[in-house]
Amino acid sequence: FKGIRLLRLKSGGIGGFGGGSDQTKPYGTTPLFTRSDDEGKTWSRPVRVAEPYNNGTMHGAAALTSTGRIVVPVYDFIGKSHRRRSEAPFRDQLVKVGHHGYEDAMSYCWAQYSDDEGETWHPNEAKGVWATGGELFVTLDGSAGGHYTCEEPDVVEVSPEHLLMILRTSLGRLFQSWSSDDGGTWSQPEATTLASSRSPAALARFPGTNDLLIIWNQSSADEIETGMQRHRLSSAVSKDGGETWQRGRNVFSIFQQNGDVNRVEPPPIRNYRAMELSPRLPSNDIEGMYPYLTLWKDRVIIQFGGVARAGGSGEVCFGLPISWFYGG
(Lines give C-alpha, C1' and ligand atoms only; values in the text may rest on other atoms or scores of the structure.)
Protein backbone atom coordinates (compact mmCIF):
# COMPACT_ATOMS: atom_id res chain seq x y z
CA PHE A 1 0.00 0.00 0.00
CA LYS A 2 1.36 3.37 -1.04
CA GLY A 3 -0.47 6.46 0.17
CA ILE A 4 -0.81 9.25 -2.36
CA ARG A 5 -3.56 11.59 -1.15
CA LEU A 6 -5.00 12.71 2.19
CA LEU A 7 -8.46 14.04 2.98
CA ARG A 8 -9.89 15.57 6.14
CA LEU A 9 -13.13 13.73 6.89
CA LYS A 10 -16.35 15.25 8.20
CA SER A 11 -15.80 13.57 11.59
CA GLY A 12 -12.34 15.15 11.87
CA GLY A 13 -10.38 12.03 11.01
CA ILE A 14 -7.94 11.76 8.12
CA GLY A 15 -8.60 9.56 5.10
CA GLY A 16 -5.67 8.22 3.09
CA PHE A 17 -5.83 6.92 -0.48
CA GLY A 18 -3.25 4.82 -2.26
CA GLY A 19 -2.71 2.08 -4.80
CA GLY A 20 -2.67 -1.62 -4.07
CA SER A 21 -1.64 -4.40 -6.43
CA ASP A 22 -1.51 -8.15 -6.83
CA GLN A 23 1.82 -9.07 -8.38
CA THR A 24 0.44 -12.40 -9.62
CA LYS A 25 -1.88 -10.58 -12.04
CA PRO A 26 -0.78 -8.21 -14.81
CA TYR A 27 -1.83 -4.67 -14.04
CA GLY A 28 -3.67 -5.94 -10.98
CA THR A 29 -4.43 -2.59 -9.40
CA THR A 30 -7.14 -1.19 -7.20
CA PRO A 31 -7.30 1.98 -5.06
CA LEU A 32 -7.21 1.46 -1.31
CA PHE A 33 -8.47 3.58 1.58
CA THR A 34 -7.22 3.82 5.15
CA ARG A 35 -8.07 6.24 7.94
CA SER A 36 -6.54 7.71 11.06
CA ASP A 37 -8.43 9.09 14.05
CA ASP A 38 -5.33 10.22 15.93
CA GLU A 39 -3.82 12.73 13.46
CA GLY A 40 -1.79 10.14 11.58
CA LYS A 41 -0.19 8.28 14.47
CA THR A 42 -1.98 5.03 13.61
CA TRP A 43 -3.91 3.90 10.54
CA SER A 44 -6.69 1.40 9.95
CA ARG A 45 -6.38 -1.72 7.84
CA PRO A 46 -6.79 -0.67 4.15
CA VAL A 47 -10.06 -1.46 2.37
CA ARG A 48 -10.64 -1.58 -1.38
CA VAL A 49 -12.30 1.44 -2.91
CA ALA A 50 -13.11 -0.43 -6.14
CA GLU A 51 -13.27 -4.07 -7.18
CA PRO A 52 -9.88 -5.79 -6.93
CA TYR A 53 -7.38 -6.27 -9.72
CA ASN A 54 -7.37 -4.27 -12.89
CA ASN A 55 -10.55 -2.51 -11.93
CA GLY A 56 -9.95 1.06 -10.99
CA THR A 57 -6.93 3.34 -10.82
CA MET A 58 -7.06 6.54 -8.81
CA HIS A 59 -5.18 9.59 -10.04
CA GLY A 60 -6.68 12.83 -8.68
CA ALA A 61 -7.81 13.85 -5.24
CA ALA A 62 -10.98 12.61 -3.58
CA ALA A 63 -13.75 15.10 -2.86
CA LEU A 64 -15.55 15.42 0.46
CA THR A 65 -18.98 16.81 -0.34
CA SER A 66 -21.22 18.94 1.86
CA THR A 67 -23.20 15.83 2.87
CA GLY A 68 -20.07 14.09 4.16
CA ARG A 69 -19.92 11.74 1.18
CA ILE A 70 -16.45 10.84 -0.13
CA VAL A 71 -16.29 10.74 -3.94
CA VAL A 72 -13.27 9.17 -5.63
CA PRO A 73 -12.82 9.48 -9.42
CA VAL A 74 -11.23 6.40 -10.99
CA TYR A 75 -10.51 4.97 -14.43
CA ASP A 76 -9.66 1.69 -16.13
CA PHE A 77 -8.26 0.41 -19.44
CA ILE A 78 -9.57 -2.01 -22.05
CA GLY A 79 -7.23 -3.36 -24.72
CA LYS A 80 -3.54 -3.59 -25.33
CA SER A 81 -1.21 -1.87 -22.89
CA HIS A 82 1.98 -1.42 -24.92
CA ARG A 83 3.18 2.15 -25.49
CA ARG A 84 4.81 2.71 -28.86
CA ARG A 85 6.10 6.27 -28.79
CA SER A 86 7.47 8.59 -31.44
CA GLU A 87 11.04 9.85 -31.41
CA ALA A 88 12.81 13.17 -31.77
CA PRO A 89 16.47 14.21 -32.12
CA PHE A 90 17.96 15.48 -28.87
CA ARG A 91 21.59 16.52 -28.86
CA ASP A 92 23.38 13.54 -30.45
CA GLN A 93 20.70 10.87 -30.05
CA LEU A 94 17.07 9.98 -30.70
CA VAL A 95 14.80 10.06 -27.66
CA LYS A 96 11.22 9.02 -27.06
CA VAL A 97 8.55 11.73 -27.10
CA GLY A 98 4.77 11.69 -26.91
CA HIS A 99 2.74 9.98 -24.22
CA HIS A 100 0.17 7.29 -25.06
CA GLY A 101 -0.20 8.58 -28.62
CA TYR A 102 0.14 5.15 -30.23
CA GLU A 103 -1.58 3.10 -27.53
CA ASP A 104 -4.14 0.48 -28.50
CA ALA A 105 -6.05 0.74 -25.23
CA MET A 106 -9.41 2.36 -24.55
CA SER A 107 -9.99 3.89 -21.13
CA TYR A 108 -13.07 5.13 -19.30
CA CYS A 109 -13.90 6.79 -15.99
CA TRP A 110 -16.45 6.56 -13.21
CA ALA A 111 -16.75 7.44 -9.51
CA GLN A 112 -16.72 5.40 -6.33
CA TYR A 113 -18.36 6.87 -3.23
CA SER A 114 -18.72 6.19 0.47
CA ASP A 115 -21.37 7.48 2.88
CA ASP A 116 -19.81 5.91 5.99
CA GLU A 117 -16.38 7.55 5.94
CA GLY A 118 -14.72 4.84 3.93
CA GLU A 119 -16.00 1.66 5.54
CA THR A 120 -17.92 0.63 2.42
CA TRP A 121 -17.68 1.82 -1.18
CA HIS A 122 -20.10 1.87 -4.11
CA PRO A 123 -19.76 2.68 -7.82
CA ASN A 124 -21.85 5.41 -9.38
CA GLU A 125 -25.27 4.39 -10.65
CA ALA A 126 -25.38 1.98 -13.63
CA LYS A 127 -21.65 1.14 -13.49
CA GLY A 128 -21.21 -2.27 -15.11
CA VAL A 129 -24.79 -2.40 -16.43
CA TRP A 130 -24.99 -2.74 -20.21
CA ALA A 131 -25.83 0.44 -22.19
CA THR A 132 -26.84 2.53 -19.18
CA GLY A 133 -24.13 5.18 -19.17
CA GLY A 134 -22.41 4.28 -15.92
CA GLU A 135 -18.97 4.50 -17.57
CA LEU A 136 -17.66 7.80 -18.95
CA PHE A 137 -15.85 8.12 -22.28
CA VAL A 138 -16.07 10.57 -25.16
CA THR A 139 -18.60 10.05 -27.97
CA LEU A 140 -18.63 12.53 -30.85
CA ASP A 141 -21.59 13.31 -33.11
CA GLY A 142 -23.84 10.58 -31.76
CA SER A 143 -21.16 7.93 -32.40
CA ALA A 144 -20.74 9.04 -36.05
CA GLY A 145 -17.56 10.84 -34.99
CA GLY A 146 -16.29 7.85 -33.04
CA HIS A 147 -15.57 6.95 -29.44
CA TYR A 148 -12.50 8.21 -27.61
CA THR A 149 -10.67 7.43 -24.43
CA CYS A 150 -10.77 9.58 -21.31
CA GLU A 151 -8.83 8.95 -18.13
CA GLU A 152 -7.01 10.24 -15.02
CA PRO A 153 -9.99 12.24 -13.72
CA ASP A 154 -10.06 14.79 -10.94
CA VAL A 155 -13.19 16.00 -9.15
CA VAL A 156 -14.35 18.95 -7.07
CA GLU A 157 -17.64 19.93 -5.43
CA VAL A 158 -18.83 23.14 -7.09
CA SER A 159 -21.86 23.67 -4.84
CA PRO A 160 -23.81 21.38 -2.48
CA GLU A 161 -24.21 17.98 -4.20
CA HIS A 162 -23.08 19.49 -7.54
CA LEU A 163 -19.76 18.05 -8.72
CA LEU A 164 -17.43 18.66 -11.65
CA MET A 165 -15.12 15.97 -13.04
CA ILE A 166 -12.26 16.92 -15.38
CA LEU A 167 -10.96 14.26 -17.78
CA ARG A 168 -7.83 14.04 -19.91
CA THR A 169 -8.25 13.09 -23.58
CA SER A 170 -6.26 12.93 -26.83
CA LEU A 171 -8.65 15.37 -28.55
CA GLY A 172 -6.72 18.60 -27.94
CA ARG A 173 -8.99 19.60 -25.04
CA LEU A 174 -9.79 18.68 -21.49
CA PHE A 175 -13.30 17.26 -21.23
CA GLN A 176 -15.71 17.56 -18.31
CA SER A 177 -18.64 15.73 -16.76
CA TRP A 178 -21.18 16.94 -14.18
CA SER A 179 -23.08 15.33 -11.34
CA SER A 180 -26.12 16.98 -9.77
CA ASP A 181 -26.81 14.21 -7.25
CA ASP A 182 -23.66 14.06 -5.11
CA GLY A 183 -21.75 11.79 -7.51
CA GLY A 184 -24.50 9.23 -8.04
CA THR A 185 -24.84 9.85 -11.77
CA TRP A 186 -22.73 11.74 -14.31
CA SER A 187 -23.37 13.53 -17.58
CA GLN A 188 -21.88 12.55 -20.93
CA PRO A 189 -18.38 14.09 -21.14
CA GLU A 190 -18.23 17.29 -23.17
CA ALA A 191 -15.37 19.48 -24.35
CA THR A 192 -14.06 22.41 -22.35
CA THR A 193 -12.42 25.44 -23.93
CA LEU A 194 -9.08 24.47 -22.35
CA ALA A 195 -6.47 23.43 -24.93
CA SER A 196 -4.61 20.44 -23.56
CA SER A 197 -2.31 17.58 -24.42
CA ARG A 198 -3.18 14.09 -23.25
CA SER A 199 -2.18 14.97 -19.72
CA PRO A 200 -4.07 15.17 -16.42
CA ALA A 201 -5.23 18.32 -14.64
CA ALA A 202 -5.65 19.25 -10.97
CA LEU A 203 -8.76 20.96 -9.54
CA ALA A 204 -9.51 22.83 -6.33
CA ARG A 205 -12.10 25.27 -4.98
CA PHE A 206 -10.93 28.35 -3.13
CA PRO A 207 -12.19 28.35 0.49
CA GLY A 208 -15.20 30.55 1.20
CA THR A 209 -16.02 31.02 -2.48
CA ASN A 210 -17.42 29.10 -5.43
CA ASP A 211 -14.33 29.97 -7.51
CA LEU A 212 -12.44 27.02 -8.98
CA LEU A 213 -8.76 26.71 -9.83
CA ILE A 214 -7.34 24.38 -12.48
CA ILE A 215 -3.69 23.59 -13.26
CA TRP A 216 -3.01 21.67 -16.49
CA ASN A 217 -0.63 21.10 -19.42
CA GLN A 218 -1.95 23.76 -21.77
CA SER A 219 -0.68 22.85 -25.25
CA SER A 220 -1.37 23.85 -28.83
CA ALA A 221 -1.97 21.32 -31.59
CA ASP A 222 1.46 22.13 -33.04
CA GLU A 223 3.16 21.63 -29.67
CA ILE A 224 1.49 18.24 -29.23
CA GLU A 225 2.43 17.10 -32.70
CA THR A 226 6.08 18.16 -32.33
CA GLY A 227 6.54 16.32 -29.02
CA MET A 228 6.37 19.41 -26.79
CA GLN A 229 3.11 18.60 -25.07
CA ARG A 230 4.09 18.67 -21.37
CA HIS A 231 6.28 21.72 -21.39
CA ARG A 232 3.87 24.27 -19.88
CA LEU A 233 1.68 24.10 -16.77
CA SER A 234 -0.97 26.81 -16.84
CA SER A 235 -3.61 28.04 -14.42
CA ALA A 236 -7.15 29.28 -14.93
CA VAL A 237 -9.94 30.38 -12.58
CA SER A 238 -13.67 29.82 -13.00
CA LYS A 239 -16.21 32.03 -11.28
CA ASP A 240 -19.23 30.12 -12.60
CA GLY A 241 -18.57 26.59 -11.44
CA GLY A 242 -16.51 25.47 -14.41
CA GLU A 243 -18.79 26.72 -17.19
CA THR A 244 -16.16 29.24 -18.31
CA TRP A 245 -12.51 29.78 -17.41
CA GLN A 246 -10.53 32.99 -17.06
CA ARG A 247 -6.96 32.34 -18.14
CA GLY A 248 -4.46 33.04 -15.44
CA ARG A 249 -0.72 32.55 -15.46
CA ASN A 250 1.80 29.83 -16.22
CA VAL A 251 3.27 28.15 -13.15
CA PHE A 252 5.90 26.35 -15.25
CA SER A 253 7.03 26.80 -18.86
CA ILE A 254 10.08 25.88 -20.89
CA PHE A 255 9.00 28.55 -23.39
CA GLN A 256 9.19 31.39 -20.86
CA GLN A 257 12.53 32.80 -22.06
CA ASN A 258 11.08 33.28 -25.55
CA GLY A 259 7.99 35.15 -24.36
CA ASP A 260 5.45 32.42 -23.70
CA VAL A 261 1.68 32.92 -23.84
CA ASN A 262 -0.84 32.42 -21.04
CA ARG A 263 -3.64 31.47 -23.41
CA VAL A 264 -3.64 28.88 -26.18
CA GLU A 265 -6.68 28.86 -28.44
CA PRO A 266 -8.48 25.50 -28.23
CA PRO A 267 -7.96 23.52 -31.44
CA PRO A 268 -10.67 21.68 -33.40
CA ILE A 269 -11.72 18.48 -31.65
CA ARG A 270 -9.84 15.57 -33.22
CA ASN A 271 -7.13 13.14 -32.22
CA TYR A 272 -3.67 14.69 -31.75
CA ARG A 273 -0.39 12.89 -31.19
CA ALA A 274 3.32 13.42 -31.74
CA MET A 275 4.75 12.75 -35.20
CA GLU A 276 6.63 9.48 -35.48
CA LEU A 277 9.81 11.49 -36.06
CA SER A 278 9.38 14.86 -34.38
CA PRO A 279 11.60 17.95 -34.83
CA ARG A 280 14.75 18.42 -32.78
CA LEU A 281 14.14 19.15 -29.11
CA PRO A 282 15.79 22.12 -27.40
CA SER A 283 18.97 21.37 -25.46
CA ASN A 284 17.27 22.36 -22.19
CA ASP A 285 14.20 20.18 -22.77
CA ILE A 286 12.29 19.68 -19.51
CA GLU A 287 8.79 18.32 -18.93
CA GLY A 288 6.52 19.33 -16.06
CA MET A 289 3.56 17.04 -15.48
CA TYR A 290 1.04 15.49 -13.09
CA PRO A 291 0.17 18.51 -10.95
CA TYR A 292 -1.45 18.19 -7.53
CA LEU A 293 -2.99 21.01 -5.49
CA THR A 294 -3.31 21.57 -1.76
CA LEU A 295 -4.89 24.66 -0.21
CA TRP A 296 -3.35 25.93 3.02
CA LYS A 297 -4.53 29.18 4.57
CA ASP A 298 -4.29 31.80 1.80
CA ARG A 299 -1.88 29.84 -0.37
CA VAL A 300 -1.99 27.17 -3.04
CA ILE A 301 0.66 24.46 -2.70
CA ILE A 302 1.52 23.08 -6.13
CA GLN A 303 3.38 19.82 -6.63
CA PHE A 304 4.35 18.34 -10.00
CA GLY A 305 6.88 16.01 -11.54
CA GLY A 306 9.83 17.47 -13.43
CA VAL A 307 11.79 15.42 -15.97
CA ALA A 308 14.92 16.76 -17.68
CA ARG A 309 15.73 15.18 -21.04
CA ALA A 310 19.46 15.42 -20.30
CA GLY A 311 18.95 13.25 -17.24
CA GLY A 312 17.37 13.55 -13.82
CA SER A 313 13.86 13.80 -12.47
CA GLY A 314 12.18 14.81 -9.26
CA GLU A 315 9.23 16.45 -7.57
CA VAL A 316 8.80 20.21 -7.65
CA CYS A 317 6.82 21.80 -4.82
CA PHE A 318 6.14 25.46 -4.07
CA GLY A 319 3.42 27.75 -2.76
CA LEU A 320 1.72 30.78 -4.30
CA PRO A 321 -0.80 33.21 -2.80
CA ILE A 322 -4.38 32.68 -3.97
CA SER A 323 -4.35 36.28 -5.21
CA TRP A 324 -1.56 35.38 -7.67
CA PHE A 325 -3.96 33.34 -9.78
CA TYR A 326 -6.25 36.34 -10.32
CA GLY A 327 -3.41 38.48 -11.62
CA GLY A 328 -3.05 37.09 -15.16
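**Close-up views of a predicted model**

A search through the whole structure turns up 16 salt bridges. Keep in mind that this is a predicted model. Side chains of opposite charge can pair when their charged atoms come close.

**View 1. E39 and R8 meet in a salt bridge.** Here the side chains of E39 and R8 come together at 2.7 Å, N to O. Is E39 buried or exposed? E39 counts as exposed because its relative accessibility is 54%, and exposed means over 50%. R8, with a relative accessible area of 44%, is partly exposed.

**View 2. E117 and R35 form a buried pair.** The side chains of E117 and R35 meet in a salt bridge of 3.0 Å, N to O. E117 is in the loop between β10 and β11 (122-123), and R35 is in strand β3, 82 residues apart. Both E117 and R35 are buried.

**View 3. D115 and R69 bring two loops together.** This salt bridge joins the side chains of D115 and R69 at 2.7 Å, N to O. D115 lies in the loop between β10 and β11, and R69 in the loop between β6 and β7, so the pair ties together parts that are 46 residues apart in sequence. R69 is buried, at 12% relative accessibility. Some salt bridges also share partners: E103, E151, E152, R168 and R198 are joined that way into one network.

**View 4. The largest nonpolar core has 17 residues.** Which residues have the most contacts inside this core? They are V71, C109, V138, M165 and W186. Strands β7 (70-79), β10 (105-114) and β15 (162-168) each give two or more residues to the core. Apart from this core lies another, of 16 residues, including A204, L213, I215 and V237. Now zoom in on V138: leaving aside neighbours within four places in sequence, its contacts include H147, Y148, F175 and P189.

**View 5. The second largest pocket has a volume of about 760 Å³.** The pocket is lined by 24 residues, and L7, A61, A62, L293 and L295 are the closest to its centre. Elements giving two or more residues to the lining include β1 (2-8), β14 (151-159) and β22 (286-296). The largest share, five residues, comes from β22. By type, the lining has 17 nonpolar residues, two polar and five charged.

Notes:
Residues numbered from 1 in each chain as written. Predicted model: local features only at pLDDT ≥ 70, side-chain atom pairs only at ≥ 80, totals over all residues. Heavy atoms only, no water. 1 Å grid on protein atoms, 1.4 Å probe; cavity = no way out; pocket = protein on both sides within 12 Å on 5 of 7 lines; lining within 4 Å. Points joined across faces, edges and corners; volume = space filled by probe spheres on them. Helix = DSSP H or I, 4+ residues; strand = E, 2+ residues; numbered from the N terminus. Nonpolar A, V, L, I, M, F, W, Y, C, P; charged D, E, K, R; others polar. Core = buried A, V, L, I, M, F, W, Y, C linked by side-chain atoms within 4.5 Å. Buried < 20%, exposed > 50% of the residue type's maximum accessible area, 1.4 Å probe, protein only. Contact = heavy atoms within 4.5 Å. Salt bridge = Lys/Arg side-chain N within 4 Å of Asp/Glu carboxyl O.
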